[in-house]
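Open the model in your viewer and keep the selection tool at hand. Each stop tells you what to pick next and what is there.

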Amino acid sequence: MHINWKKTFIVTADIILGGYLIVAFSAFGKPNVVQRVCTKVNINIQDEATNGFISAAEIKNRLEKNRLYPLSKLMQDVNTRVIEETLEQSPFVKNAECYKTEDGHVVISLTQRMPILRIKAINGEDYYIDDKHSVMPNSNYTSDLIITTGYISKWYARHYISYLAECLMSNELWKNQIVQINVLPDRGVELVPRIGNHIVYIGQLPETKYVNMRQKLIADYVNKKMDRLEKFYKYGLSQAGWNKYKYINIEFDNQIICKKHIE
């Protein structure tokens, strides 16, 4: 068998040349990916205007302190996973997502934790409880949240008062009317309304060791008490006057005990 080595060489050379031209034209038509740098960082914070726990400036500072801020860095050196993990260490960040774009941008999207309650305990502790029943540290955050005062531990705040606050906040009337929860030494609960010069006592919240039953147990108890209070507001205080009583006790199912202001 005779092999035409000259022809084989020419075919092989054509293949190599063709491959080279493809690579050359590809490189010519696209910027050097290896040398591409980050030209812009987009930081998007969900509910920034309403929550206000964190800002884009704070995120930038956090990344700069950790030498992770991507601006002007080579894109290949930007580690999006490390950026996400670093930002999620913040007590105010629920989750973080970071990705790169083809035009040299790095996009950082954050979701904040949502506070539902502020705790100002008698022992001096000052913190928030979020919608996942976890503790958040104190900050400069200001919002129309219910404040809880009195004899309250972090455990009781997380496992009981947070469910009470959820129940109140889910009702449009009580969301606007109740501004403060006060816990007495025996765990009796007082509510301070926005309108009316009185305090409402609802008794002790029902307790259970079964976590999956706790939310419903508390919601049933609170809704029952607050339904009675709403009726009393409508048919009692509307006639007698909002400032007639200083203390309204709705602990018991068959009666409402009221103490008048001393004239």
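**Stop one: a strand pair**

Select I178 and look across to strand 9, where its bridge partner is P193. Helices (H or I, at least four residues) and strands (E, at least two) are DSSP runs, numbered from the N terminus. Two strands pair if DSSP finds at least two bridges between them.

Before moving on, two notes. The model is predicted: local features need pLDDT of at least 70, side-chain atom pairs count only at pLDDT 80 or more, and totals for chains, interfaces and linings use all residues. Residues are numbered from 1 along each chain as its sequence is written, and side-chain values use heavy atoms, with hydrogens and water left out.

Now select all of strand 8 (residues 178-183) and strand 9 (residues 188-193). Strand 8 and strand 9 pair in the antiparallel sense over 5 bridges. N182 has its bridge partner in strand 9 too: E190. The hairpin of strand 8 and strand 9 has 4 residues between the strands, and R187 there takes a positive phi near 70 degrees.

With strand 8, strand 7 pairs in the parallel sense over 4 bridges. Pick T148 to find its bridge partner in strand 8, I181.

Zoom out. The open sheet here has 9 strands in the order 6-5-4-7-8-9-10-11-12, with mixed pairing. Strand 6 (135-137) and strand 12 (257-260) are the edge strands, each pairing on one side only. Neighbouring strands of this sheet are turned by 25 degrees against each other on average, direction ignored. Axes are lines fitted to C-alpha atoms, for helices over the stretch in contact, and angles run from 0 to 180 degrees between N-to-C directions.

Select helix 7 (residues 211-240). Helix 7 lies across strand 8, strand 9, strand 10, strand 11 (245-249) and strand 12, at about 155 degrees to strand 10. Contact means heavy atoms within 4.5 Å.

**Stop three: the cavity**

How many cavities of 30 Å³ or more does the count give? The count comes to 1. A cavity is a set of points on a 1 Å grid over the protein atoms alone where a 1.4 Å probe fits but cannot get out; lining residues have an atom within 4 Å of a point. Grid points are joined across faces, edges and corners, and a volume is the space filled by probe spheres set on the points.

About 30 Å³ of space lies in the largest cavity. Select its lining: D144, L145, I146, M169, K175, I178, V179 and R194. By class, the lining has 5 nonpolar, no polar and 3 charged residues. Ala, Val, Leu, Ile, Met, Phe, Trp, Tyr, Cys and Pro count as nonpolar, Asp, Glu, Lys and Arg as charged, and the others, Gly among them, as polar.

Go to the open sheet of 3 strands, ordered 1-3-2 with mixed pairing. Strand 1 (40-46) and strand 2 (93-100) stand at the edges with a single partner strand each, so one side of each is left without a neighbour in the sheet. Strand 1 and strand 3 (residues 105-112) pair in the parallel sense over 7 bridges. Pick N44: its bridge partner in strand 3 is S109.

Finish with two helices. Helix 3 (residues 56-65) lies across strand 1 and strand 3, and helix 4 (residues 80-87) across strand 2 and strand 3. Helix 3 and helix 4 pack at about 115 degrees, with axes 11 Å apart. Select I59, R62 and L63 in helix 3; these meet I83, T86 and L87 in helix 4.

Conventions: On a 1 Å grid over the protein atoms alone, a cavity is a set of points where a 1.4 Å probe fits but cannot get out, and a pocket is an open set with protein on both sides within 12 Å along at least five of seven lines; lining residues have an atom within 4 Å of a point.
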